Amino acid sequence: MYRLVMKLAISVSAAVALGVLGAPVAGAATGAATGAATPAAADTAKTTATERIAAEQAAPAWSYTIQPSCSGWASPIRTGANYWGGASEGGGTPVECQNSAITDCGFEPIEMVTKDGRMIVVGCNYGMGQLIKLFPGAVNDPALLAAHEFGHNWYGHSYNGCASWASPYDVMATTMC
């Protein structure tokens with residue numbers, strides 16, 4: 001939702017700057033008398049702006065491949081991928097699963113606190129979509145873990161706190177609780 005709102009805001013700002021929406025530039029001639037603008041031309045400009053905004057809101061196409069190490073976890077991984085829209089399975093980002101904490105993640109890992117109070121890394125997106133590693137068995141919601149890691153294809157962490165499904169901003173929080 002945040003991504004959608006930001007794209008809409010940028011599109012409207014660009015449309016206003018280009019004169020597609022809003023008041024005409026000072027000193028510009030308007031109206032049918034000058035031949036510069038007619039109701040039909042205005043309707044065409046509105047339609048064009050609306051179509052452009054709709055096209056920009058559509059999720060970009062991207063893909064992922066669930067590796068054999070994730071057998072048994074495919075459904076929540078697909079749910080996590082589909083959260084961002086535009087995903088197709090096959091090719092693209094390989095997704096690997098493991099049964100222990102991830103120890104080689106250097107960039108924005110997602111963590112959780114174990115029962116004995118230790119922080120462990122349960123997900124990592126290497127190179128903004130070059131590889132995703134998950135430790136799905138350690139978390140209460142493996143689909144949320146997958147959505148968070150797929151989100152790193154575009155976004156960094158939003159805040160220090162518990163991730164949730166409340167919004168894209170919340171999905172990108174730093175900790176699985």
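**Notebook: a look through the fold**

I began at Asp104, which is partly exposed with a relative accessible area of 44%. My terms here are buried for under 20% relative accessible area, exposed for over 50% and partly exposed in between, with a 1.4 Å probe and protein chains only. This is a predicted model, in which local features need pLDDT of at least 70 and side-chain atom pairs count only at pLDDT 80 or more, while totals for chains, interfaces and linings use all residues. Residues are numbered from 1 along each chain as its sequence is written, and side-chain values use heavy atoms, with hydrogens and water left out.

Which residue does Asp104 meet in a salt bridge? I found Lys133, at 3.2 Å from N to O; a salt bridge here is a side-chain nitrogen of Lys or Arg within 4 Å of a carboxyl oxygen of Asp or Glu. The two sit in distant parts of the chain, Lys133 in strand 6 and Asp104 in the loop between strand 3 and strand 4, 29 residues apart. Lys133 counts as buried at 14% relative accessibility.

The structure holds three salt bridges. In another of them, Arg78 pairs with Glu89, and the closest N and O atoms are 2.6 Å apart. Because Arg78 lies in helix 3 and Glu89 in strand 2, this pair ties together parts 11 residues apart in sequence. Both partners are partly exposed, Arg78 at 34% and Glu89 at 41%. Then I looked up Arg118 with Asp116, where the closest N and O atoms are 3.1 Å apart; Asp116 counts as exposed at 57%.

I counted five helices and six strands, taken as DSSP runs numbered from the N terminus (helices H or I, at least four residues; strands E, at least two). From the N terminus on, they run α-α-β-α-β-β-β-β-β-α-α. Of the 177 residues, 34% count as buried. I also noted contacts, meaning heavy atoms within 4.5 Å: among those with a separation of 6 or more, 59% join residues 24 or more positions apart.

A nonpolar core is a set of buried Ala, Val, Leu, Ile, Met, Phe, Trp, Tyr and Cys residues joined through side-chain atoms within 4.5 Å. How many residues does the largest nonpolar core have? I get 28, and those with the most contacts inside it are Tyr64, Ile77, Val95, Val122, Leu134, Phe150 and Met176. Elements giving two or more residues to this core include strand 1 (62-66), helix 3 (74-83) and strand 5 (119-126). Helix 4 supplies the largest share, five residues. Apart from this core lies another, of six residues, among them Ile102, Cys105, Val121 and Cys124.

I stayed a while with Tyr64. Beyond its neighbours within four places in sequence, its contacts include Ile77, Arg78, Glu89, Val95 and Phe150.

Rings of Phe, Tyr and Trp (its six-membered ring) pair if their centres lie within 6.5 Å; planes under 30 degrees apart are stacked, over 60 edge-to-face and the rest tilted. That rule gives nine aromatic pairs. Tyr83 and Trp84 are edge-to-face, 5.0 Å centre to centre with 90 degrees between the planes. Trp84 and Tyr155 are tilted, at 5.7 Å and 40 degrees. The latter pair links distant parts of the chain, 71 residues apart: Trp84 in the loop between helix 3 and strand 2 (87-89), Tyr155 in the loop between helix 4 and helix 5 (168-171). Trp84 is buried at 6%, whereas Tyr155 is partly exposed at 22%. Tyr64 turns up again here, in one aromatic cluster with Trp62, Tyr83, Trp84, Phe150, Trp154, Tyr155 and Trp165.

My search found three disulfides, each a pair of cysteine sulfur atoms within 2.5 Å. Cys70 and Cys97 have their sulfur atoms 2.1 Å apart. Their S-S torsion is about 100 degrees, so this disulfide is right-handed. Cys70 is buried at 1%, and Cys97 is buried at 11%.

Cys105 joins Cys124, S to S 1.8 Å. Cys105 is in the loop between strand 3 and strand 4 and Cys124 in strand 5, 19 residues apart. Both are buried.

Why is the disulfide of Cys162 and Cys177 left-handed? The torsion about its S-S bond is about -85 degrees, so it is left-handed. Cys162 is partly exposed at 40% and Cys177 exposed at 56%. Counting bonded cysteines along the chain, I read the pattern as 1-2, 3-4, 5-6.
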